[in-house]
Amino acid sequence: MTVSHGAMRWRAGAARTDSFEAAPAPGRVADAAPSLSPAPAMPFVLASTGETLVARGWLESVAEGLEPPGARVRRLLAGGEGPRLVVGALPFAAQVPAHLYRPAELSRRPGRSDLASSFPLPRRAESARPARWQVTPEPTLAAYEAAVAAALVRMAQSQEGLRKIVLSRSLKILADRPIDAAALLRALARDVSVAAFCVPLPSAGAPRVLVGATPELLVSKRGRDVTSHPLAGSSRRARAAAADRAAAQALLGSEKDRREHREVVEAILDQLAPHCTDLAAPGEPELTSTASMWHLGTPIAGRLRDDTLSALDLALLLHPTPAVCGTPRAAAARAIAELEGYERGFYAGAVGWCEASGDGDWHVAIRCAELSGCEARLSAGAGIVAGSDPAAEGEETSAKFAALLTALGIDEKGAPLMEERA
Ligand SMILES: C=C(O[C@@H]1C=C(C(=O)O)C=C[C@H]1O)C(=O)O
């Protein structure tokens, strides 16, 4: 079988999963469904604490259609050859198509594998790493703070009960050489408290990939057991132990952050309740940390009443939670579209996998960057509620950029970090 799309043609029958050749005749390309993808240049990788999943190659995309994505995935996985699972990414906005595909090869290992040694990802020579970086904030920090102020006014005057809006900003990065997605993934994966991921994205031109390291589990399903671990309420970690502990305690005691957090937990419990028995969450949030951030988190667990909902169905039910959108959802999404001033793409969406059995994991796509050649776009957001301070929310987004920027070896202005210069 040969499937064509964009500028590449991939032979599913070929022994290697990542071989592709030059473009077929133009007429053939025009016929192809827009959601089809050529063989990705990078594998799909999801390295969490529970499992490391690497999916190479590409057999078939989940085509757009009138049926809900969960039903289309079930149909795709009902027959054919290859691993009986789909991998991919859900965008933030409902009007952007999801990117889900069946890979050609699958490797799954329990626990967190060392990506550097376990998986031969392409390596680039030291001399080929970028030396100069240009970082352009989109929007600027000042414009972001003005948007936060506007969001506070909008909530205060809201007729729709608008009480949380998650506003983000982005950094557009241009390097003097192509950015090495595999090196970035390996650097991010050193923080074992996060799920490091790499998702090849559809592209008509240069390969595009979403790379990140998220601390937030949207939903996981094994048999009838469902879990979620929402986060909301954040503080930058400090280098000195005493200051770090103080930052954590201040976060735990913050009424504003607890209110921001409760919005997410209540929304997830409300969405899951009709489908679950034994749905449970602790009444108080817990502290959870990454290498650079403290968050308030709540582990949620339930048991599905019946097993017809897949992990993907559940992800689509919950997404976008108030951790990345707001409450009420529709009004917050409208406010985001009007106030943010850029397209989120797959940032604040979800990345994960779903098998034919319905089991699967979906993680919230934050602390990530879309890479293509010499370019990257990083995004970071913060939940705005009554009592939020625009400057503090701006600083929170800077703190959230730190994981990606550190892994790239630069600061928010594009200057090499001290460790990198040494
Ligand atoms: C939106 C982001 O993070 C989300 C927002 C948080 C907050 O507002 O405190 C915390 C964790 C995430 O749920 C991001 O990292 O870009």
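Strands count as paired if DSSP finds at least two bridges between them. The model is predicted: local features need pLDDT of at least 70, side-chain atom pairs count only at pLDDT 80 or more, and totals for chains, interfaces and linings use all residues. Residues are numbered from 1 along each chain as its sequence is written.

Within this sheet, β7 (residues 85-90) and β8 (residues 99-102) pair in the antiparallel sense over 3 bridges, and Ala-89 stands opposite His-99 in β8.

Another open sheet, also antiparallel, has 3 strands in the order β16-β19-β18. Its edge strands are β16 and β18 (286-289). β18 and β19 (residues 293-297) pair over 4 bridges, and Leu-287 has Leu-296 in β19 as its bridge partner.

Two helices (DSSP runs of H or I, at least four residues) pack on this sheet. Contact requires C-beta atoms, placed from the backbone, within 7 Å; angles run from 0 to 180 degrees between N-to-C directions of axes, which are lines fitted to C-alpha atoms, for helices over the stretch in contact.

| Helix | Strands touched | Angle with β16 |
|---|---|---|
| α6 (residues 241-252) | β16, β18 and β19 | about 145 degrees |
| α7 (residues 255-272) | β16 and β19 | about 150 degrees |

β16 (231-236) also supplies at least two residues of the shell around the ligand, as do β11 (164-175) and β25 (375-384).

Methods:
Contact = placed C-beta atoms within 7 Å.
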